[in-house]
Each structure stands twice: as C-alpha cells, then as structure tokens.
Amino acid sequence: MNKITLTFLEKMTVVITPFLLSGIAYAILVNLLYIKKIPVIGDHMLFNLIERYYSDWIVWVIVGIVFIVGIFIAMYIYSEILKITVERDKLHINFKDKQTEILKKDIMAIFKEQKELVIITMDGRERIRAKTDYSESRLQSIFNQERYPWQEADPYKDAFYKWQLNDDGITEQANDILYKRREAIREDEESVRDELKADLSELGIVVKDVKKVQYIRVIK
C-alpha cells in the first residue's frame, strides 16, 4: 500500500499558516505608531480604533483571534489538497472533503497532464482531475508498484475540441450547462464550476479547462 499525500512544501504551508498570520498581526500591532505615520493606511478606521483602546492584553487578544483564523485557513488548505491511498485492488481518494473509492478493475488509465492527476474509468469518464505537486515520475512509480494502468498521456487527447456557443454536436441542455460553467470560470466560482462539470459527466460529456477555455469530448 502506498499513499499520495501532502508534499513537504504543502505540509509546511499547513503548519506555518497560523503562526505566520499571527506573527504578522503581532508585528503590525507592536509597530502601530510607525504604521500610523504612513499616508492613507494610517488613517484607516481600524487602526484608529485599535490605537484608541491599545493595551498589551488587546494585542494578545487580537493575535489569538488571528491565530484561530489561521487554523481554519490551514484546515481549508489541507482539505483542498489531493490525498490518495493506493491499495492493491482499489483507490481511496480524499479531495475537497469528498471521499471516493475506485476499484482497480474499473480504471482504464491514470496519467498526469500539466499539473493535474487524471483518472479515467472504463466507461470513458474522468473520475478525478486534480492538481498535485507530486512529480510525474513519482506518481508513475507509486501506481506501477500496485500494477495500475499508468499512461504517458490521455488516451482520449485527440477527442477533445474547444467548446463554442451553440455547439451543434451536443444537446441544448449541455450547451446551457457549458455556458453557465464558462461564467463560473470567469467569476472564479470554483464550487459551481465543479458541480456543473459533474452535471456534464452525467450527460456523457467530459470537460477540461485550458487557460479558462473549456475543451470537451463526448463519451461514446
């Protein structure tokens, strides 16, 4: 059994975040008088309020609050990182607080495309497309140890094409979803983007994003 979990840099980011944010807050508070002299920033209402009630205990209360906020941010960062337990006959995947299990016999291909790990099942659907800092060689080694079908590239790469409005190769419903998804991408609404991708998968359409442009293929 192998695990794809946090890289050293990701672990350090999660651990350091609360301390870094509270350290910055402390540095700002103890240097408040100097910051007040900076034009525009020094006149901000928040700084005026803190200065009015300034005391040592206020400093530590604020630093403590920032530290707690930092813990929640660190927890969010951890939940957004792809984590996979690679067993002999199945994968346990934890990504964005969602648990997924995929049997080896149902997997057609696993590969890394740009910075994303992609897992395609026998029905042609992408079960996972997620960013990871693991190198391609490291990922290949982990999956090959358990004899998973690692591929050098997407076996369907030639089937993708750039989606355009009112694509007559797909249904009106699919076009409507892709239009909404394009707007979600432009507005950086990641959760909406992912939900609409799942809806497209149910309609037999795989979508991937290249520099905020949607490329699709129809599952046959």
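Glu 183 has a relative accessibility of 28%, so Glu 183 counts as partly exposed (buried means under 20% relative accessible area, exposed over 50%, partly exposed in between, with a 1.4 Å probe and protein chains only). A salt bridge here is a side-chain nitrogen of Lys or Arg within 4 Å of a carboxyl oxygen of Asp or Glu.

This is a predicted model, in which local features need pLDDT of at least 70 and side-chain atom pairs count only at pLDDT 80 or more, while totals for chains, interfaces and linings use all residues. Residues are numbered from 1 along each chain as its sequence is written, and side-chain values use heavy atoms, leaving out hydrogens and water.

The whole structure holds 16 salt bridges. One of them joins Glu 113 to Lys 208, at 3.3 Å between the closest N and O atoms. Glu 113 lies in strand S5 and Lys 208 in strand S9, so this pair ties together parts 95 residues apart in sequence (strands are DSSP runs of E, at least two residues, numbered from the N terminus). Both residues are buried.

Now look at Glu 126 and Arg 129. Their side chains meet in a salt bridge of 2.8 Å, N to O. Glu 126 is buried at 12%. Arg 129 is buried too, at 14%. Shared partners join Glu 113, Glu 116, Glu 126, Arg 129, Lys 197 and Lys 208 into one salt-bridge network.

How values were computed:
Helices (H or I, at least four residues) and strands (E, at least two) are DSSP runs, numbered from the N terminus.
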